[in-house]
Amino acid sequence: SDIYNDNFTLVIAEPGNGKSRFLKEIVLQSEVNNCFVLFIDLKTISNQRIEEKIISIFNYPIPNPKTNNDVNGFKEYFFLEKFTIDDSSKSIIICLDALDEVKRDSQFAVLDLIRQFHIDNPQIKVVLSCRDYIYKDKNFHSKLNDFAPKIIEIKPFNSKMANDYLIKCGKDELLLPK
């Protein structure tokens with residue numbers, strides 16, 4: 001629930017640990033949390049401003065995902081209709097996924113686009129995902145320091161953590177090979 005309240009959140013993890021899926025889950029939970037959430041794969045942005053990308057998404061509506069495969073397959077989507085970037089009736093979150101998958105020589109240019117978007121639209125919350133090596137880069141910090149992003153690090157479950165989680169959720173213990 002903190003994601004829906006923080007102004008700028010950075011999600012870091014190694015490949016395959018669930019950064020993209022985490023951001024997509026934020027979209028899927030948007031109605032429950034009474035907010036509008038848009039997911040954008042940063043590889044699809046190139047040099048356009050983020051506002052332009054958002055407008056292009058609304059010009060070509062994408063059906064809401066109905067299955068897990070739908071969710072995993074989308075590069076950009078949103079979960080509510082009748083939205084404009086100036087809509088103040090709901091909290092707005094833009095999930096920007098996979099800065100680390102943008103071409104290396106374009107990563108900081110895209111970060112500049114994100115920075116400018118956040119300056120121009122302070123009412124919109126931003127959730128950005130990347131690998132930790134980008135987060136550790138001093139140039140990365142110089143671009144985002146004044147936003148004081150909340151950091152969420154996703155670490156992989158080991159088998160004991162998976163068992164504990166399933167038990168906590170009321171499921172039978174996962175049967176693990178001895």
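Five bridges join β1 to β5, and the two strands run parallel. Strands count as paired if DSSP finds at least two bridges between them. One example: Ile12 stands opposite Cys130 in β5.

A word on the model before going on. This is a predicted model, where local features need pLDDT of at least 70, side-chain atom pairs count only at pLDDT 80 or more, and totals for chains, interfaces and linings use all residues. Residues are numbered from 1 along each chain as its sequence is written, and side-chain values use heavy atoms, with hydrogens and water left out.

Now the overall layout. The chain has seven helices and six strands. Those are DSSP runs, numbered from the N terminus: helices are H or I with at least four residues, strands are E with at least two. In sequence order the pattern reads β-α-β-α-α-β-β-α-β-α-α-β-α.

How much of the chain is buried? Of its 178 residues, 40% count as buried. Buried means under 20% relative accessible area, exposed means over 50%, and partly exposed lies in between, with a 1.4 Å probe and protein chains only. The chain exposes about 10,200 Å², and carbon and sulfur atoms supply 51% of that. These areas come from the Shrake-Rupley method with a 1.4 Å probe; for residues, only the protein chains shown count as cover.

Next, contacts, meaning heavy atoms within 4.5 Å. Residues 24 or more positions apart account for 74% of them.

Back to the strands. β5 pairs with β4 too: five bridges join them, and they run parallel. There, Ile92 stands opposite Ile124 in β5. β4 also pairs with β2, again in the parallel sense, over seven bridges. Leu38 has Ile94 in β4 as its bridge partner.

In β5, seven of the seven residues are buried, so the strand is largely enclosed by the rest of the structure. In a regular strand the side chains alternate between the two faces of the sheet. Look at β5 for this. Ile124, Val126, Leu128 and Cys130 point one way, Lys125, Val127 and Ser129 point the other way, and all are buried.

On to the core. In soluble globular proteins, nonpolar side chains tend to be buried together. A nonpolar core here is a set of buried Ala, Val, Leu, Ile, Met, Phe, Trp, Tyr and Cys residues joined through side-chain atoms within 4.5 Å. Which members of the largest core touch the most others? Among its 29 residues, they are Leu42, Leu96, Leu99, Ile114, Leu128 and Phe140. Two or more residues each come from β1 (8-12), β2 (35-41), α2 (50-59), β4 (91-97), α4 (107-120), β5 (124-130) and α6 (138-144). α4 gives the largest share, five residues. Apart from this core lies another, of 14 residues, including Tyr4, Ala13, Phe39 and Ile93.

Let's zoom in on two of those residues. Leu99 sits in the loop between β4 and α4. Leu99 is buried, with a relative accessible area of 1%. Leaving aside neighbours within four places in sequence, Leu99 is in contact with Leu42, Gln107, Val110, Leu111, Leu128, Ser129, Cys130, Ile134 and Phe140. Its C-alpha atom is separated by 8.4 Å from that of Asp41, 58 residues apart along the chain.

Then Phe140. Not counting residues up to four places away in sequence, Phe140 touches Leu10, Leu99, Phe108, Leu111, Leu128, Cys130, Ile134 and Tyr135.

Now some helices. In α1 (residues 19-28), Lys19, Leu23, Lys24, Ile26 and Val27 are buried. Down the axis of α1, these buried residues fall within an arc of 150°, so they line one face of the helix. The arc is that of the directions from the helix axis to the C-beta atoms.

Glu51 is in helix α2. Glu51 is buried, with a relative accessible area of 14%. A polar contact of 3.1 Å joins the side chains of Glu51 and Asn121. Polar contact means a pair of N or O atoms within 3.5 Å; within protein, one must be able to donate a hydrogen and the other to accept it, and residues adjacent in sequence count only if both atoms are side-chain atoms.

Last, α7 (residues 159-168). Asn158 caps its N-terminal end, with a side-chain oxygen 3.1 Å from the backbone nitrogen of Lys160. Just after α7, Gly170 takes a positive phi of about 85°.
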